[in-house]
Amino acid sequence: MDVVFTHCAGLDVHKKSITAYRIVPDPTGHVVEGLTELQKVGTLTIELLALADWLTEAGVTHVAIESTGEYWKPVYNLLEGTFEVVLVNAAHVKNVPGRKTDKADARWLAKLMRYGLLQASFIPPAGQRDLRDLTRYRTKLVQERSREVNRIQGVLERANIKLASVASDIMGVSARAMLHAVIAGRAAPATIAALAQGRLRKKLPVLEQALTGVVRAHHQRLLAIQLAHIDFLDEQIEVLSTEITRCVADLDGSVGGASPGEVASIPAPSATPELTLTRATTLLDTIPGVNQRGAEMLIAEWGIDMARFESAGRLAAWSGVAPGNDESAGKQRAGTTRKGNRVLRAGLTQLAHAAVRTKDTYLSAFYHRIAARRGKKRAIMAVAHAIVVSAFYMLTRNEPYRALGATYFDKRQREHTVDRLARRLEHLGYEVHLELRSATA
């Protein structure tokens with residue numbers, strides 16, 4: 001086997017220590033495998049800088065890192081730009097069972113790196129990593145807000161107030177006004193119910209009964225604290241959304257902006273706009289179920305260069321929404337879905353739930369078609385997979401979403417659909433006479 005990298009190293013990274021193993025050619029030529037050296041260092045910044053110097057003095061050019069969790073990030077931050085750093089999946093480089101040690105792992109990584117047998121994980125550039133941090137943190141705050149709303153619901157239940165049974169959103173304008181009235185100590189349920197607005201006013205009698213409870217000062221204090229927390233979270237989410245918009249604009253400017261002294265070319269009015277992060281967000285927003293926040297989350301995780309994933313199938317597998325394969329001895333067994341990017345998988349699942357609630361769309365029809373045969377959970381995952389495939393081709397071709405329509409599956413096999421429905425009517429005792437109204441219908 002030909003040597004690919006002559007100066008390389010393998011790093012087995014843990015929380016408090018790093019085991020490093022470097023391989024360099026033997027200048028005398030006596031040792032075919034090359035000269036090797038093992039070193040164990042800590043993870044403080046000064047120790048990581050010393051590790052970088054130790055690798056540089058030997059002329060190391062390629063470094064393979066194996067790590068769990070996020071312990072690889074401090075190492076990557078200091079080695080990026082100086083070496084060709086490859087982050088590998090620990091499941092792809094398992095050593096022989098029973099012989100696993102940190103030293104053996106580092107040695108095995110260096111050998112695999114030397115012969116080019118490692119597959120690098122996708123590490124986005126620094127700007128996209130910053131954008132990813134912002135979108136992920138915003139997702140955490142949105143989830144925390146939902147938990148806080150559930151806590152408010154719990155307090156209302158303990159106070160015998162059934163507001164959620166009448167109002168669909170206890171954080172709506174009318175419901176918030178009623179909650180503030182409860183906190184202020186207005187005892188008359190009719191007075192509180194009179195704060196309802198819009199269509200909720202049609203339910204005043206039921207609303208008055210739902211607001212009749214046993215509210216104590218303890219409940220009022222809890223509700224006040226929780227509403228203040230929700231207001232704070234709303235402010236932070238808005239700040240993060242503004243920061244995400246600014247970050248996207250900065251990344252677009254750094255990629256597609258004209259250099260100083262260069263006049264930016266003005267595209268023709270009929271030409272397709274250049275694919276930027278802002279343009280990609282607008283394109284993904286056209287997918288049913290995907291809103292502005294969802295599009296920003298997808299762009300932060302994927303980027304806009306789909307060439308790195310090569311195909312829609314690999315993108316779906318990396319996103320964690322691809323079906324798993326488990327075949328042995330010619331038998332196909334049930335394979336679980338790959339883990340992939342867990343943050344992206346959770347976000348795509350939420351977008352899929354939003355897509356199936358849309359009316360007269362292909363994704364909604366696709367969900368009901370799969371759910372009837374395979375169940376709701378598999379159907380949601382299938383919709384998430386369909387969103388990823390659509391997004392891959394949209395970003396590759398720089399074009400918006402093309403809606404196939406809710407009747408796509410019926411029109412694809414028109415004769416079978418007509419025959420099936422006709423048989424169902426005949427089984428109910430009806431006599432069916434078919435007539436083709438139009439050849440293009």
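1. In helix 10 (292-302), the buried residues are Gly294, Ala295, Glu296, Met297, Leu298, Ile299, Ala300, Glu301 and Trp302, where buried means under 20% relative accessible area, exposed means over 50%, and partly exposed lies in between, with a 1.4 Å probe and protein chains only. Because nine of its eleven residues are buried, helix 10 is largely enclosed by the rest of the structure. Just after helix 10, glycine 303 takes a positive phi of about 85°. Helices here are DSSP runs of H or I with at least four residues, and strands are runs of E with at least two, numbered from the N terminus.

2. This is a predicted model, in which local features need pLDDT of at least 70 and side-chain atom pairs count only at pLDDT 80 or more, while totals for chains, interfaces and linings use all residues. Residues are numbered from 1 along each chain as its sequence is written, and side-chain values use heavy atoms, with hydrogens and water left out.

3. Glutamate 296 lies in helix 10 and, at 7% relative accessibility, counts as buried. Not counting residues up to four places away in sequence, glutamate 296 touches Thr135, Arg138, Ile244, Thr245 and Thr281, a contact being heavy atoms within 4.5 Å.

4. Serine 241 lies in helix 8 and is likewise classed as buried, at 14% relative accessibility. Its side chain is joined to that of arginine 138 by a polar contact of 3.2 Å; a polar contact is a pair of N or O atoms within 3.5 Å, of which, within protein, one must be able to donate a hydrogen and the other to accept it, and residues adjacent in sequence count only if both atoms are side-chain atoms. With residues up to four places away in sequence left out, serine 241 touches Arg138 and Arg293.

5. Which residues touch the most other members of the largest nonpolar core? Among its 57 residues, they are Leu284, Ile287, Trp302, Leu348, Leu363, Val383 and Ile387. At least two residues of this core come from each of helix 4 (126-158), helix 8 (217-256), helix 9 (277-284), helix 10 (292-302), helix 11 (312-319), helix 12 (342-356), helix 13 (362-374) and helix 14 (376-397), and helix 14 gives the most, with twelve residues. A nonpolar core is a set of buried Ala, Val, Leu, Ile, Met, Phe, Trp, Tyr and Cys residues joined through side-chain atoms within 4.5 Å.

6. Leucine 284, leaving aside its neighbours within four places in sequence, is in contact with Val290, Ala295, Leu298, Ile299, Ala391, Met394 and Leu395. A second, separate core of 26 residues includes Ile192, Ala196, Ala210 and Ile230.

7. Lysine 162 is found in the loop between helix 4 and helix 5 (173-184), and its relative accessibility of 39% makes it partly exposed. Although lysine 162 and alanine 210 are 48 residues apart along the chain, their C-alpha atoms are separated by 4.7 Å. Leaving aside neighbours within four places in sequence, lysine 162 is in contact with Glu157 and Ala210.

8. In helix 11, the buried residues are Ala312, Leu315, Ala316, Ala317 and Ser319, and these pack against helix 10, helix 12 and helix 14. Helix 11 is followed by glycine 320, whose phi is positive, near 85°.

9. Helix 3 (residues 102-114) has 13 residues and should span 18 Å at 1.5 Å a residue, which agrees with the 18 Å between its end C-alpha atoms; the expected span is 1.5 Å times one less than the number of residues. Its buried residues are Ala104, Asp105, Ala106, Leu109, Ala110, Leu112, Met113 and Arg114, and they pack against strand 1 (8-13), strand 2 (17-24), strand 4 (62-66) and strand 5 (84-88). Just after helix 3, glycine 116 takes a positive phi of about 65°.

10. Cysteine 8 is buried at 0% relative accessibility, and cysteine 247 is buried with a relative accessible area of 10%. The disulfide count comes to zero, a disulfide being a pair of cysteine sulfur atoms within 2.5 Å.

11. As a whole, the protein has 16 helices and seven strands, and 38% of its 441 residues count as buried. Its radius of gyration is 29 Å, whereas a compact globule of 441 residues would have one near 22 Å; the radius is taken over C-alpha atoms, and the globule rule is 2.2 Å times the number of residues to the power 0.38. The C-alpha trace spans about 95 × 70 × 60 Å along its principal axes.
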